[in-house]
Amino acid sequence: TTGDYAVFYPSYLKFLDKELNTVYKTLRTKLPEDKQKQLKASQVSWIKYRDLEFAFIDNTWTNKDFGTSSGISRGQYKASVVRDRVIQLMHYAKNF
């Protein structure tokens with residue numbers, strides 16, 4: 001049900017956030033110091049992007065405009081933003 005998704009997506013985002021932190025730390029340990037600084041700058045920029053993207057998602061997929069299924073869409077879109085970053089960093093880490 002829609003209510004189940006309302007519970008699932010916040011938990012899934014927490015899981016993805018933990019995975020993101022783990023893979024970020026793993027990648028950092030594999031990089032020389034100058035590349036670590038670049039990675040950190042990149043991650044700080046990505047976090048700003050994520051926050052702006054989440055705000056856009058929250059303000060666009062509203063109950064008013066999309067009904068109760070809007071919560072499912074918001075959760076899915078937010079999860080895809082974070083999941084894509086996790087995968088990207090995993091690919092980088094694999095190559096070092």
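A residue counts as buried under 20% relative accessible area, as exposed over 50%, and as partly exposed in between. Keep those cut-offs at hand. D51 has 41% relative accessibility, so D51 is partly exposed. The model here is a predicted one.

Start with the partner of D51. R50 forms a salt bridge with D51, and the closest N and O atoms are 2.8 Å apart. R50 has 18% relative accessibility, so R50 counts as buried. In general, side chains of opposite charge can pair when their charged atoms come close.

The structure holds four salt bridges. Another of them joins E33 to K37, with the closest N and O atoms 3.9 Å apart. These two residues sit four apart in helix α2, so about one helical turn separates E33 from K37. Both E33 and K37 are exposed. Next comes the salt bridge of K35 with D34, where the closest N and O atoms are 3.9 Å apart. K35 is partly exposed at 36% relative accessible area. D34 is partly exposed too, at 45%.

Now follow helix α2 itself. The helix covers residues 33-60. Is L52 buried or exposed? L52 is exposed, because its relative accessible area is 65%. L52 and Q76 are 24 residues apart in sequence, and their C-alpha atoms are 16 Å apart in space.

Helix α4 comes next, at residues 70-94. Its 25 residues should span 36 Å at 1.5 Å a residue, and its end C-alpha atoms are 36 Å apart, which agrees. The buried residues of α4 include S70, G75, K78, V82, R85 and L89. The buried residues of this helix pack against α1 (2-30), α2 and α3 (63-66).

R85 is buried yet has no salt bridge. Which side chain of opposite charge is nearest to R85? That is D17, and D17 is 10 Å away. A salt bridge needs a side-chain nitrogen of Lys or Arg within 4 Å of a carboxyl oxygen of Asp or Glu. Which residues does R85 touch, leaving aside its neighbours within four places in sequence? R85 is in contact with L20, S42, Q43 and W46.

K78 lies over the face of F54, at 5.3 Å from the ring centre.

Finish with the aromatic rings. The whole structure has six aromatic pairs. In one of them, the ring centres of F8 and Y9 are 5.0 Å apart and the planes stand at 65°, so this pair is edge-to-face. F8 is partly exposed at 41% relative accessibility, whereas Y9 is buried at 11%. The rings of F56 and W61 have centres 5.9 Å apart and planes at 85°, so they too make an edge-to-face pair. F56 is partly exposed at 45% relative accessible area, whereas W61 is buried at 18%. Ring pairs also link F8, Y9, Y12 and F15 into a cluster.

Key. Residues numbered from 1 in each chain as written. Predicted model: local features only at pLDDT ≥ 70, side-chain atom pairs only at ≥ 80, totals over all residues. Heavy atoms only, no water. Phe/Tyr/Trp six-rings, centres within 6.5 Å; stacked < 30°, edge-to-face > 60°. Buried < 20%, exposed > 50% of the residue type's maximum accessible area, 1.4 Å probe, protein only. Lys NZ or Arg CZ within 6 Å of the ring centre and 35° of its normal. Lys, Arg positive; Asp, Glu negative; His and termini not counted. Contact = heavy atoms within 4.5 Å. Expected span 1.5 Å × (residues − 1).
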